[in-house]
Amino acid sequence: MQRGQMVNRHRYAAKMDLKRQNRLAVGIVSDRFPDVSSIIINMIYYQKGPNPVLMERTVNIFPGSDAYFMMDCMTKGCNSGGYDLTPVVNDMVKNHKAAKKGSLICEGTIDVPVAGHASIEYEILMRFSKTARKAPVLK
Ligand SMILES: [Zn+2]
């Protein structure tokens, strides 16, 4: 194995490690959002070029899932890119919104900084449990 390869592999491992720590740190959905019974995230990944649709993906999130809404950029070699849906999810929960659409642009870099090399369109569908906590009744 060449030296460069080893460095790359090490860097990759460190990145994965950080990611796992981030995931663990957020906790699970039922802890963070007790009123949410499911979240469906539909995404279409776009890239620059003649075939702009890179992939379509659906992520199903349940109360036992990690409350982790940072989606990876699917572009090979993209550095510290991705799509953070956390603020959107937080806003939906706060306002009891059942659906939200939008788009995000990846701001990661590939070798040389290329702004907007990829983007997603997302649609988030959220279900809230019927037994949502009510304000405590005063006796
Ligand atoms: Zn990217």
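Colleague: Before we start, what are the ground rules here?
Modeller: It's a predicted model, where local features need pLDDT of at least 70 and side-chain atom pairs count only at pLDDT 80 or more, while totals for chains, interfaces and linings use all residues. Residues are numbered from 1 along each chain as its sequence is written.

Colleague: OK, in what order do the strands of the open sheet come?
Modeller: E2-E1-E6-E5, 4 strands with antiparallel pairing. Strands are DSSP runs (E, at least two residues; helices are H or I, at least four), numbered from the N terminus, and two strands pair if DSSP finds at least two bridges between them.

Colleague: Which ones are the edge strands?
Modeller: E2 (53–61) and E5 (99–105), each pairing on one side only.

Colleague: And how many bridges join E5 to E6?
Modeller: 7, with E6 covering residues 118–128. Leu104 sits opposite Ile120 in E6 there.

Colleague: What about E1 and E6, how many bridges?
Modeller: 11, again antiparallel. Gln47 has Ala118 in E6 as its bridge partner.

Colleague: Switching to E1 and E2, what do they form?
Modeller: A hairpin with 5 residues between the strands, and Gly49 in the turn has a positive phi of about 135 degrees. The two strands share 8 bridges, and Ile39 faces Ile61 in E2.

Colleague: Last one: which strands does helix H3 lie across?
Modeller: H3 (residues 86–95) lies across E1 (36–47), E5 and E6, at about 25 degrees to E6. Contact means C-beta atoms, placed from the backbone, within 7 Å; axes are lines fitted to C-alpha atoms, for helices over the stretch in contact, with angles from 0 to 180 degrees between N-to-C directions.

Definitions and conventions. Contact = placed C-beta atoms within 7 Å.
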